[in-house]
Amino acid sequence: QLQASGGGLVQPGGSLRLSCAASGSIFSINYMSWYRQTPGKQREWVALTTSRSSTNYAASVKNRFTISRDNAKNTVYLQMNSLKSEDTAVYYCYAPLGPSGSWGQGTQVTVSS
């Protein structure tokens with residue numbers, strides 16, 4: 001089970017850090033990802049971190065967002081800097097657990113002045 005948190009309201013140019021806490025060990029999970037979704041649009045992949053801590057980012061967030069994992073705390077983070085209004089969305093974490101994967105419940109990020 002995944003629990004996402006850390007969303008909120010922030011002004012353009014501001015920062016937020018999202019957390020995704022897993023109920024079990026994430027040490028051996030091949031990869032974990034963050035996605036985001038706005039009303040009427042498909043869920044969009046944002047970032048990924050592998051079990052070896054390699055990372056990859058969508059072009060729209062590269063150089064602004066940083067994904068990281070703390071295996072000791074069973075938590076994955078998404079540090080979001082230089083936020084823009086177009087980053088407004090519900091953010092979800094995902095891990096390839098079980099037959100169809102596991103999603104966190106989502107946390108709302110609103111970037112607005």
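Predicted model: local features only at pLDDT ≥ 70, side-chain atom pairs only at ≥ 80, totals over all residues.
Biologist: OK, charges. How many positive and negative side chains are there?
Modeller: There are 10 positive and 4 negative ones. The centres of those two sets sit 5 Å apart.

Biologist: Switching to the fold: how many helices and strands?
Modeller: 0 helices and 11 strands, so the radius of gyration is the next thing to look at: 13 Å, close to the 13 Å the globule rule gives for 113 residues, which means the protein is as compact as a globular protein of that length.

Biologist: What does the C-alpha trace span along the principal axes?
Modeller: About 40 × 25 × 20 Å.

Biologist: Which cysteines form a disulfide?
Modeller: Cys20 and Cys93, with their sulfur atoms 2.2 Å apart. The structure holds 1 disulfide.

Biologist: Where do those two cysteines lie?
Modeller: Cys20 is in strand S3 (residues 16-22) and Cys93 is in strand S9 (residues 89-95), so the pair ties together parts 73 residues apart in sequence.

Biologist: Are Cys20 and Cys93 buried or exposed?
Modeller: Both are buried.

Biologist: Why is the disulfide called right-handed?
Modeller: Because the torsion about the S-S bond of Cys20 and Cys93 is about 70°.

Biologist: Back to contacts. Among those between residues at least 6 apart in sequence, what percentage join residues at least 24 apart?
Modeller: 51% of them.

Terms used. Residues numbered from 1 in each chain as written. Heavy atoms only, no water. Disulfide = S-S within 2.5 Å. Helix = DSSP H or I, 4+ residues; strand = E, 2+ residues; numbered from the N terminus. Buried < 20%, exposed > 50% of the residue type's maximum accessible area, 1.4 Å probe, protein only. Rg over C-alpha atoms; globule rule 2.2 N^0.38 Å. Contact = heavy atoms within 4.5 Å. Lys, Arg positive; Asp, Glu negative; His and termini not counted. Charge placed at Lys NZ, Arg CZ, Asp CG, Glu CD.
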